[in-house]
Amino acid sequence: MTKGTVLVVGSNATQIEIQGGGAGPTGQYLNETVVPAMALVEAGYAVVLATPNGRKPHIDEVSDSAQHFGGDEQAYQRARTFFARDASMNEVRTLRSVLEEGLENFAGVFVPGGQAPVVDLMQDGELGEILRHFHALKKPTAFLCHGPIASLAALPNAKQFRAALIAGDTARASELGKGWQYAGYKMTVFSASEEKPIEENILHGKLYFTMPDALQTAGGHVSTTPVDFEPNVIEDRELITGQNPRSDHPLAAKLVAALDRAKATV
């Protein structure tokens, strides 16, 4: 018997566009996916992983390291084993199948980061339906690192909004961002300065837009830490956002607490 079921939404992207044409490698971050998922399971919640095409998310090689587990080799290996073998990470659903079965039985939703959600999830119509459902019912909704960018899928014209950002048409993006469900919410996301080392050392090019700019264009009240890669989690109403990979444990704790509070009021 579990306390409830949490939907974890993963990305299927493996490449991300960079300015001037071409693309660089991307994926989901291992710790950002697994640390909250393991915390949910340990707290008594079941986890269902779903992606746009029903395939397991690709793990960004940059994240496949003990460095993202505080240098703890044992924690890193536990995470790798969980992702490789645990049923919750391998019985992957499509977003469409989750919608068709109904969202009523889900207690909350979580979207991990890595840059991959910037490619597919932020413009995915099915995720948009899912997020609008959770927002309407004020159920715990958590995003980590680049994950908060996926909250823009709730826009009715999410694809056009993203295209306007890529085109550098801020006025058009602002118009398309009107009516966003999370406008006015306090939130955080991977900062522009945290993005720079990835752009310089891994992508060898610049992304078309920064994560804070994208969320602010739609009306989000975004704040990030003055020191890069310091843990930072912001909770506003049902929305829980974490800034960077090191926010994995704090975000997981806040998500579990929010789920427990919601369960206690039912």
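Tutor: Trp180 is buried, with a relative accessible area of 3%; buried means under 20% relative accessible area, exposed over 50%, and partly exposed in between, using a 1.4 Å probe and protein chains only. The model is predicted, so local features need pLDDT of at least 70 and side-chain atom pairs count only at pLDDT 80 or more, while totals for chains, interfaces and linings use all residues. Residues are numbered from 1 along each chain as its sequence is written, and side-chain values use heavy atoms, with hydrogens and water left out.

A pair of aromatic rings is described by the distance of the centres and the angle of the planes. There are 4 aromatic pairs in the structure. Rings of Phe, Tyr and Trp (for Trp, the six-membered ring) pair if their centres lie within 6.5 Å, and planes under 30 degrees apart count as stacked, over 60 as edge-to-face and the rest as tilted. Tyr182 also counts as buried, at 1% relative accessibility. Together with Tyr185, Trp180 and Tyr182 make up one aromatic cluster.

In soluble globular proteins, nonpolar side chains tend to be buried together. Here the largest nonpolar core has 86 residues, and those with the most contacts inside it are Leu7, Leu127, Ile149, Leu152 and Trp180. Helix H1 (residues 30-42) gives the largest share of this core, 6 residues. Such a core is a set of buried Ala, Val, Leu, Ile, Met, Phe, Trp, Tyr and Cys residues joined through side-chain atoms within 4.5 Å. Helices (H or I, at least four residues) and strands (E, at least two) are DSSP runs, numbered from the N terminus.

Leu152 shows how Trp180 is placed among its partners. Leaving aside neighbours within four places in sequence, Leu152 is in contact (heavy atoms within 4.5 Å) with Met122, Ala158, Phe161, Trp180, Ala214, Leu215 and Ala218.

Two packed helices are described by the angle between their axes and the distance between the axes. The axes of H1 and helix H10 (residues 248-265) come within 9 Å and cross at roughly 35°. Axes are lines fitted to C-alpha atoms, for helices over the stretch in contact, and angles run from 0 to 180 degrees between N-to-C directions. On the H1 side, the contact is made by Asn31, Val35, Pro36, Ala39 and Leu40; on the H10 side, by Asp248, His249, Leu251, Ala252, Leu255, Val256 and Leu259. By class, this contact has 9 nonpolar, 2 polar and 1 charged residues, where Ala, Val, Leu, Ile, Met, Phe, Trp, Tyr, Cys and Pro count as nonpolar, Asp, Glu, Lys and Arg as charged, and the others, Gly among them, as polar.

His204 is in the loop between helix H8 (192-203) and helix H9 (211-217), is exposed at 62% relative accessibility and, though not a glycine, has a positive phi near 55°. Phe229 is in the loop between strand E9 (221-222) and strand E10 (233-236). Phe229 counts as partly exposed at 28% relative accessibility, and its phi is positive too, about 65°.
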